[in-house]
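This briefing is meant to be read with the sequence and the coordinates at hand. Please go through it topic by topic, beginning with the contact between the chains.

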Number of protein chains: 2
Amino acid sequence: MSHSVYGRLMSVDRTQVLRAAAALLSRRATATMDEVARAAGIGRATLHRQFAGRDALVRALEELGIQELEAAHDRARTGEGPADEAVRRLVAEVEPVAPLLSFLVTENQLFEGDQQNEGWARLDARVSDLFRRGQEEGTFRIDLTPAWLTEALYGLIGSGAWAVQDGRVAAKDFQYMIVELLLGGARRSVEK
Amino acid sequence: MSHSVYGRLMSVDRTQVLRAAAALLSRRATATMDEVARAAGIGRATLHRQFAGRDALVRALEELGIQELEAAHDRARTGEGPADEAVRRLVAEVEPVAPLLSFLVTENQLFEGDQQNEGWARLDARVSDLFRRGQEEGTFRIDLTPAWLTEALYGLIGSGAWAVQDGRVAAKDFQYMIVELLLGGARRSVEK
DNA sequence: ACCGAATGAGACATCAATGTCTCACCTGAT
DNA sequence: ATCAGGTGAGACATTGATGTCTCATTCGGT
């Protein structure tokens, strides 16, 4: 009688299901609940037992994504050292989450209005702060707002993820392409 | 008996309907056929008479978007003058089509596989050629592939369109933010 | 070996959007 | 004034996904 307190005996791992769902939905955002279940190797009924519905699943994925992105921030120590190097570390840490991030951003665009997760605000603030810090340190230009740089970073990560998925860019170049464009731009520079 | 050859007497303007659909779907990609019809000020039946179904409507929007983007290219004369200035002109000309472009790109990502319009390949080639030309002229760095720069341009335009729509970036800064980041990057440069 | 809990499979109702059709009405051309 | 063609509104069937439920089976702990 020591079991069933927090759901022992569960043979399906909630996190594992979420990861499978993330992998599938990142490729095909319109995938069915049934497809998600099969991708996770479980029955549709079980999937429904764990997540009240599609909305709940997506919200759980949002939680997962936000969690992993914040972990990426922590690992990248975005508050330390030169801002441009911090950006470099951040992109490197975020890369594994890029497809999921791309999915969630698109999902957020589709369903406007109905209050977005506060976690996004926290993340936006962290990224934004990073760029602002870079501006104050004189590393980043001040004519591009931190808000826009944050948007641009998300956009480039999304574009990069899709480009890699479609084979238009080699996976090994993901970080380089994004960071170099974001930091250095396309124009050939005198320095460097 | 001079009428009804190509559909004279039509009181609904197909192009006008398409523009209304573009405006609505750019904001809410999941909008219903009924909503599209109302947004265009016509009945759902009429909408269906002009476009066999939702797919047909989206494909027509694709045609419209591609057409306008090619027109933008032409007006921007992307083949003339320094490549970086050509990019600047291109973004300026593309701005009005940005929301539609963003919608179509997302739509293309969702429905993978079923052969995409050849027009995209033509457009990709034109943008890609522009960046390649810039590289050959020594204006653009050669370590970022034209394919990636093309992706990045689309991504930044999409991000910009959404940021403007959500009020995170002022509409008047759209061009500047995109072009400056794309060409110059975020890092403060010695020159300029 | 037993037993409770969780699962998978499938049946089922529901719901929203789509696509088709009919019909009354309006409009523009003659 | 007449008439053909186009339209709007609504009824209707269809489809696909969702969510709920039941039940036999399986798995893990004892």
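How much area is buried between chain B and chain A, and what percentage of it do carbon and sulfur atoms give? In this predicted model, the area buried between the two chains is about 4,400 Å², and carbon and sulfur atoms give 58% of that area. Within the share that chain B buries against chain A, B:Arg141, B:Trp148 and B:Arg187 supply 18%, which is more than any other three residues supply.

**Fold and surface of chain A**

- Chain A contains nine helices and zero strands, and its elements, read from the N terminus on, follow the order α-α-α-α-α-α-α-α-α.
- The C-alpha trace of chain A spans about 65 × 35 × 30 Å along its principal axes.
- Of the 192 residues in chain A, 50% are buried, and among the contacts in this chain with a separation of 6 or more, 63% come from residues 24 or more positions apart.

**Interface between chain B and chain A**

- The contact between the chains involves 45 residues of chain B and 45 residues of chain A.
- Six salt bridges are found across the interface of chain B and chain A, and one of the salt bridges in the model joins the side chains of B:Glu151 and A:Arg168, with an N to O distance of 2.3 Å.
- A:Asp143 is placed in the loop between α7 (118-136) and α8 (146-165) of chain A, and, when residues up to four places away in sequence are not counted, A:Asp143 touches B:Tyr176 and B:Met177.
- Because its relative accessibility is 29%, A:Asp143 counts as partly exposed.
- Salt bridges that share partners are also found: B:Asp166 pairs with B:Arg168, the closest N and O atoms being 3.0 Å apart, while a separate set of such bridges joins A:Arg88, A:Glu180, B:Arg141 and B:Asp143 into one network.**Salt bridges within the chains**

- Side chains of opposite charge can pair when their charged atoms come close, and a search of the whole structure finds 34 salt bridges over all chains.
- In chain A, the side chains of A:Arg38 and A:Asp34 meet in a salt bridge with an N to O distance of 3.0 Å. These two residues are separated by about one helical turn, because they are four residues apart in helix α2 (residues 33-40) of chain A.
- In chain B, the side chains of B:Glu180 and B:Arg88 meet in a salt bridge with an N to O distance of 3.1 Å. This pair links distant parts of the chain, with B:Glu180 in helix α9 (residues 174-184) of chain B and B:Arg88 in helix α5 of chain B, 92 residues apart.
- Is B:Glu180 buried or exposed? B:Glu180 is buried, with a relative accessible area of 4%, while B:Arg88 is partly exposed, with a relative accessible area of 33%.
- For the salt bridge between B:Asp166 and B:Arg168, B:Asp166 counts as partly exposed at 45% relative accessibility, and B:Arg168 likewise counts as partly exposed, at 38% relative accessibility.

- Most residues other than glycine have a negative phi, and most peptide bonds are trans.
- A:Arg77 has a positive phi of about 50° although it is not a glycine, and A:Arg77 lies in the loop of chain A that runs between α4 (54-76) and α5 (83-94).
- In chain B, B:Arg77 also has a positive phi of about 50° without being a glycine, and its place is the loop between α4 (54-76) and α5 (83-94) of chain B.

Note on methods: Residues are numbered from 1 along each chain as its sequence is written. Chains are lettered from A and ligands numbered from 1 in the order in which they are written. This is a predicted model: local features need pLDDT of at least 70, side-chain atom pairs count only at pLDDT 80 or more; totals for chains, interfaces and linings use all residues. Side-chain values use heavy atoms; hydrogens and water are left out. Buried means under 20% relative accessible area, exposed over 50%, partly exposed in between (1.4 Å probe, protein chains only). Contact means heavy atoms within 4.5 Å. Buried area is the accessible area (1.4 Å probe) that two parts lose on being put together, summed over both. A salt bridge is a side-chain nitrogen of Lys or Arg within 4 Å of a carboxyl oxygen of Asp or Glu.
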